[in-house]
Amino acid sequence: LPFLLPKVQGTHPDCSVVLYFQKQEAECLEIIRSESQAPGTPGQEGCRTEWDGVSCWSAVPVGQSRAVACPDILHVFKKSKVLIQRNCTELGWSSPSPPYHNACELEALGSNNDTEAKARGSPRGCYFVTMKVLYTCGYSTSLAALSLAIGIFACFRKLHCTRNSIHIHFFTSFILRGTAVFIKDTVLFSDESLDHCTMSTVNCKAAIVFFQYSVLANFYWLLVEGLYLQTLLLLTFTSDRRYIWWYILIGWGVPMVTVAVWVVTRLQYDNHGCWDDYTSLYWWVIKAPILLAIFMNFLIFLNVTRMLAQKIRSPDISKNYKQQYMRLTKSTLLLIPLFGVHYVVFALFPEHIGVDARLYFELVLGSYQGFLVALLYCFLNGEVQAEIKRNWGKWQLSMESNVFNLVTQDFTA
């Protein structure tokens with residue numbers, strides 16, 4: 001598994017385990033097939049190669065033994081020096097000694113593709129069910145808040161500006177990401193009778209492609225927000241609408257090109273499964289641009305903080321401008337959750353370390369990120385609140401005027 005990459009959630013936690021054992025089984029069955037086709041040596045008896053569901057036992061003569069180690073899956077089996085042994089007898093292979101469940105100590109996650117179904121009554125199973133409920137509520141809340149925020153920015157003419165246009169695109173990327181999560185869950189996990197780890201349908205591939213595009217777009221509109229804030233500081237609070245098309249090209253175009261390259265690569269060289277296996281080297285086509293966007297956002301966060309500190313402390317800046325800088329300083333508090341700094345922290349560790357914390361940050365807190373953005377960029381925005389109050393007052397005056405006209409007409413009549 002790649003160690004220095006942020007995880008883009010798109011596969012079931014058990015799938016890597018299932019695919020590992022399927023690969024081992026396929027290799028073992030190929031050895032068995034070749035042995036069955038090879039001419040046997042007269043007078044030589046022994047135990048043929050056998051797959052026992054966990055390990056492949058190579059053929060040995062009667063009276064000899066074979067020893068194997070525990071399966072090498074870091075986030076499933078703990079490191080163990082114990083060897084499992086089987087003897088070849090006249091009756092065939094003996095039972096593994098010591099048994100797998102004694103020799104190979106399990107980590108928190110299991111190694112069966114039906115682990116989730118079997119563990120629903122266990123504390124671990126309840127943990128994942130609770131996690132899914134939380135991120136479903138989070139994405140639903142975010143979708144409702146973001147849709148309302150986009151409606152507010154679109155309805156009021158005085159809110160039409162470059163800054164709010166970027167916010168609308170940013171909100172839309174969050175809506176796409178939340179929608180993609182629901183679509184992916186529906187296509188891959190709604191039918192428990194299907195093996196989602198080996199599924200290879202057009203629908204599941206399309207769901208994963210849409211999911212990866214929405215994730216990339218979300219990261220790159222995060223980058224656009226940072227670039228725009230930095231541009232405002234460099235241009236001393238003057239905005240230029242000609243940059244908006246460059247921002248759109250970065251936010252929507254770069255992810256589209258990246259996903260197109262990834263799709264063509266998978267179709268040409270690795271067209272198996274549902275394209276959600278993270279052991280494939282072709283995941284670098286998706287993950288490298290994400291890591292680049294996160295790294296650039298982190299640098300922008302540091303640079304914006306530095307520029308704000310310099311401008312606020314400068315004696316040459318008037319009090320009014322300092323107040324504007326202070327308002328921007330408050331917005332930089334958003335840069336930590338918005339620019340994905342916690343993804344940078346997790347990217348420094350292997351993916352099997354801190355799984356619970358990673359799931360909590362990326363699924364639960366990540367699902368409420370859209371609501372937080374809508375809250376701080378729209379609902380708590382003083383300019384938005386003032387415009388809503390102004391239009392509310394105009395509507396009340398209009399209603400009072402209409403009522404007065406009706407009463408006057410009735411009286412004169």
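This is a predicted model: local features need pLDDT of at least 70, side-chain atom pairs count only at pLDDT 80 or more; totals for chains, interfaces and linings use all residues.
The largest cavity has a volume of about 80 Å³, and twelve residues line it. Tyr139, Phe174, Arg177, Gly366 and Gly370 are the ones closest to its centre. Sorted by class, the lining of the largest cavity holds seven polar residues, four nonpolar and one charged. As for where the lining comes from, at least two residues each are supplied by helix 4 (123-155), helix 5 (162-189), helix 12 (355-367) and helix 13 (369-379).

Next up is the helix pair. Helix 6 (residues 202-234) packs against helix 8 (residues 284-313) with the axes 9 Å apart and an angle of about 20 degrees between them. Angles under 35 degrees count as roughly parallel, so helix 6 and helix 8 are roughly parallel to each other. Their crossing is left-handed. In the contact of helix 6 with helix 8, 21 residues are nonpolar, five are polar and one is charged.

Then there is the sheet, an open one of three strands in the order 5-6-7, paired antiparallel. Strand 5 (65-68) and strand 7 (92-93) sit at the edges, each pairing on one side only. Strand 6 (residues 84-89) runs antiparallel to strand 7, and two bridges join them. Across from Trp93 in strand 7 stands Cys88.

Technical notes
Residues are numbered from 1 along each chain as its sequence is written. Side-chain values use heavy atoms; hydrogens and water are left out. On a 1 Å grid over the protein atoms alone, a cavity is a set of points where a 1.4 Å probe fits but cannot get out, and a pocket is an open set with protein on both sides within 12 Å along at least five of seven lines; lining residues have an atom within 4 Å of a point. Grid points are joined across faces, edges and corners, and a volume is the space filled by probe spheres set on the points. Helices (H or I, at least four residues) and strands (E, at least two) are DSSP runs, numbered from the N terminus. Ala, Val, Leu, Ile, Met, Phe, Trp, Tyr, Cys and Pro count as nonpolar, Asp, Glu, Lys and Arg as charged, and the others, Gly among them, as polar. Axes are lines fitted to C-alpha atoms, for helices over the stretch in contact, and angles run from 0 to 180 degrees between N-to-C directions. Angles under 35 degrees count as roughly parallel, over 145 as roughly antiparallel, 65 to 115 as roughly perpendicular and the rest as oblique. A crossing is left-handed if the near helix is turned anticlockwise from the far one by less than a right angle, and right-handed if clockwise. Two strands pair if DSSP finds at least two bridges between them.
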